[in-house]
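User: I am new to reading protein models and would like to learn how to look at one feature after another. Could you take me through an example slowly?

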Amino acid sequence: MVSDPTCLLLDEPTSGLDAATALLTCRTLSRLARSPEKRAVLAVVHQPRASLLQLFDRVVALSDGRPVYAGSPNDLLAHFESVGAPCPAHENPADHLLDLVAIPDEVAGGEQTEDELEASVDDLRKRKVIAKQVADAFASSQGAQDSKTRFQQAQKSATGTQQPQGIASGWLHQFNVLLQRAWLYKIRDEMVVITQVTMACIMALLLGAIYFQQGLSQASIQSRVGAISFSMLLMSFIAFDIVLLFPKERDLYTRESQAGLYGASAFFHARCLAELPGHLTAGGAYATIAYWMMGFQNSPMKFAHFFFLCEAVVFAGTSLLIFCGCCARDFEMANNYATVFFCLFMMFDGHYINNKSIPAGAKWIEDANFFNWAISAGSRSELLGLGDLHGCSNPESSRCIFQRGGDAVDYYGFRDKPFRKAITAIMLISVALRALAFVAFKFLFTGRPVFDSCSSKKQ
């Protein structure tokens, strides 16, 4: 239903279902046919129950390729009674119909005596005669003439009608249906989200124990910066499995989009949005546990900075992984791309190299590096306001490296990256990565030449 079709052709939609489920399925189809959109629903149904048959507006029965009835299910019994094949009392009309028109291809096998085999052949011959009589009777009936007239009228009204081109349904409808389908996938595979959140909590407890209550010593400066740096790195990797998302589903998208069901934009954004809540939940759980265990400043504002920076890095990290996945044909290629990007960003994250020491020619990497923005802003927020550090009562002492947290901010080069500026930069980087990812997803590995895709009519 993703493309909001005006006509549904269904081949045995009730096969393999129990009677109650088959009835519910046909009731749903009946509601679709009677909806304001006025959809046409054509279904091939075998062995229907009596109440199911009444849900259809018109019934067409075939025997060996010939029509034996076409009309309202309410007139079915009267028609067969008129041709000399009345339905016995207390028998399902649909079963009676199948008994009349269903002709086996051959006599049933198995061990049979000569008399039993002759009786089976005789029964098959009689069934063929009855089916032919019923078909001949319908051919000369008023129902056949009405069906022929209806067909001619429909054919005449359809002549010269221009068929709609491209995708008939709107973008919002496509997005809504695809999002519901993606949510259904997530619900069925809830262990993925549970595992991500559980691992985030475990890592928060582990790192919280390692950096537990750091205090205000000189060494705590390095520990605080290191804890924030590792936390941001972990947040970017927390949903590494998303790198597989589009390489894994590209064949599905290609097949369905070429059938005109939906466009690339609706599919891409629906799949991305469906993944986001689980990732943000894992990031939020980590930030909440780790911040207080690590002994960072007891300030709601400082905690909010750390929390939202973690969430922003989760979003940026998934954006980069989605981009790598969209640029790759398979997991191996996507993993190689992700390794290169993450190693490059880690080298210029402000922890492994001082921001003031980054070469002028590589400053663009610093500006485009969400690691650097997050670590710099997170460390700046945490270090500012620490006050006097232990061992620095005498600033001239050789043991005094940093007298206050602000001294460390200046030393590492974090001063010019406040929280609001960093959040803005990280979100802009994320949006740019997702835009590039969408372009790569739409045009790469689709089985069509890129320039043909670019010049084709926009759907």
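This is a predicted model: local features need pLDDT of at least 70, side-chain atom pairs count only at pLDDT 80 or more; totals for chains, interfaces and linings use all residues.

User: What does the secondary structure of the chain come to?

Analyst: Here the chain comes to 18 helices and four strands. A next step is to ask which parts of the chain touch: among contacts between residues at least 6 apart in sequence, 70% join residues at least 24 apart.

User: How much of the chain is buried, and how much accessible surface does the chain have?

Analyst: Of the 459 residues in the chain, 43% are buried. The accessible surface comes to about 25200 Å², and carbon and sulfur atoms account for 59% of that area.

User: Which residues touch the most other members of the largest nonpolar core?

Analyst: That core has 76 residues, and those touching the most other members are Met 232, Phe 246, Phe 268, Tyr 286 and Phe 370. Helix 12 contributes the largest share of this core, with 15 residues. There is also a second, separate core of 14 residues, which includes Tyr 69, Ala 94, Leu 100 and Ala 135. To see what such a position looks like, take Tyr 286, whose partners beyond four places in sequence include Ala 200, Leu 207, Met 235 and Phe 306.

User: How much space lies in the largest pocket, and which residues are closest to its centre?

Analyst: The largest pocket holds about 1300 Å³ of space. Its lining has 36 residues, of which Leu 42, Ala 43, Arg 58, Val 59 and Val 60 are the closest to its centre. The elements that each supply at least two lining residues include strand 1 (7–11), helix 1 (19–33), strand 2 (40–44) and strand 3 (59–63). When the lining of the pocket is sorted by class, there are 26 nonpolar, five polar and five charged residues.

User: Why does Glu 275 count as buried?

Analyst: The way to decide is to compare the relative accessible area with the cut-off, which is under 20% for a buried residue. Glu 275 counts as buried because its relative accessible area is 7%. This residue lies in helix 11 (residues 264–293), and, leaving aside neighbours within four places in sequence, Glu 275 is in contact with Lys 186, Ile 242 and Leu 245.

User: Where does Arg 224 lie, and is Arg 224 buried or exposed?

Analyst: Arg 224 has its place in helix 9 (residues 218–237), and, because its relative accessibility is 3%, Arg 224 counts as buried. Beyond its neighbours within four places in sequence, Arg 224 is in contact with residues including Gln 214, Phe 296, Glu 382 and Leu 386.

How values were computed: Residues are numbered from 1 along each chain as its sequence is written. Side-chain values use heavy atoms; hydrogens and water are left out. Buried means under 20% relative accessible area, exposed over 50%, partly exposed in between (1.4 Å probe, protein chains only). Contact means heavy atoms within 4.5 Å. Accessible areas come from the Shrake-Rupley method with a 1.4 Å probe; for residues, only the protein chains shown count as cover. A nonpolar core is a set of buried Ala, Val, Leu, Ile, Met, Phe, Trp, Tyr and Cys residues joined through side-chain atoms within 4.5 Å. On a 1 Å grid over the protein atoms alone, a cavity is a set of points where a 1.4 Å probe fits but cannot get out, and a pocket is an open set with protein on both sides within 12 Å along at least five of seven lines; lining residues have an atom within 4 Å of a point. Grid points are joined across faces, edges and corners, and a volume is the space filled by probe spheres set on the points. Ala, Val, Leu, Ile, Met, Phe, Trp, Tyr, Cys and Pro count as nonpolar, Asp, Glu, Lys and Arg as charged, and the others, Gly among them, as polar.
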